Amino acid sequence: MSGTWREALWLLLGAAALIANWLCLFRAYAYSGIAIATVVYHVQPFVLLLLAAVLQGAPLPLARLPWLVLALVGVGLSSGLLEQAATGAAQGAWQGMVLALLAASLYAVATLTTQQLSRIAPAQIAMLQMLAGALALLPGVWALRGQAVFSPQTWGAVAVLGLVHTAWMYTLMYTAFQRLPAQAIAGLSFIYPVVALLVDVLWFGARPQLSQWLGMALILGALWAYRRSARPA
């Protein structure tokens, strides 16, 4: 009734890009491991800035790009990539790297399409994208229905994943996407690996290597410098 159906094309494009993004990323994990896929996936801010420049005419922040490169180096250190390379675990991962790069590009597309949905509430965007994802993945899930065993604990985990880590998280994220320029989104994207590593430490009792702590420090320092350089003198 409000006429927002006219933005349905952008919504469907964003949903398709987001679904394909996760499928490519999870397959990349299988081929190259989490560390390598995570590092390659975090070229996404650079892809986002490039697409924003090409499609939206946004200026490229060339003077600030070195800070993003430094943050990417920090992602490499914090992911444990050096340790994998030393043990030879990083060999033969080109297929996973290509899939992670494709996933990063798709996520950048999903981000830009969300910015075009100015008249649709973030909660509606998240709901409709989850519905599209459920329908797209239904054939694969239906084929495995005989293997599923759901206990009350499993249902609780599914509910938390669905309501908190998907519905609420994407609502918050899309609210930010509609209010922030691509340059700000690109910089803040590097917060993810820092939070992931901190959760590993606080919840799972992980003991990061010195290089991983250095990587987190590089990410935070680079983001501080990136944001500070955006302020007018």
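Which way is the crossing in which H4 passes H11, left-handed or right-handed?

A: H4 passes H11 in a left-handed crossing, meaning the near helix is turned anticlockwise from the far one by less than a right angle (clockwise would be right-handed). Before the details: this is a predicted model, where local features need pLDDT of at least 70, side-chain atom pairs count only at pLDDT 80 or more, and totals for chains, interfaces and linings use all residues. Residues are numbered from 1 along each chain as its sequence is written, and side-chain values use heavy atoms, with hydrogens and water left out.

Helix H4 covers residues 65-78 and helix H11 residues 210-228; helices here are DSSP runs of H or I, at least four residues, numbered from the N terminus. Their axes come within 7 Å and cross at roughly 160 degrees. Those axes are lines fitted to C-alpha atoms over the stretch in contact, with angles from 0 to 180 degrees between N-to-C directions. H4 and H11 are therefore roughly antiparallel, the label for angles over 145 degrees.

The contact residues divide into 14 nonpolar, five polar and no charged. In that tally Ala, Val, Leu, Ile, Met, Phe, Trp, Tyr, Cys and Pro are nonpolar, Asp, Glu, Lys and Arg charged, and the others, Gly among them, polar.

Definitions and conventions
Helices (H or I, at least four residues) and strands (E, at least two) are DSSP runs, numbered from the N terminus. Angles under 35 degrees count as roughly parallel, over 145 as roughly antiparallel, 65 to 115 as roughly perpendicular and the rest as oblique.
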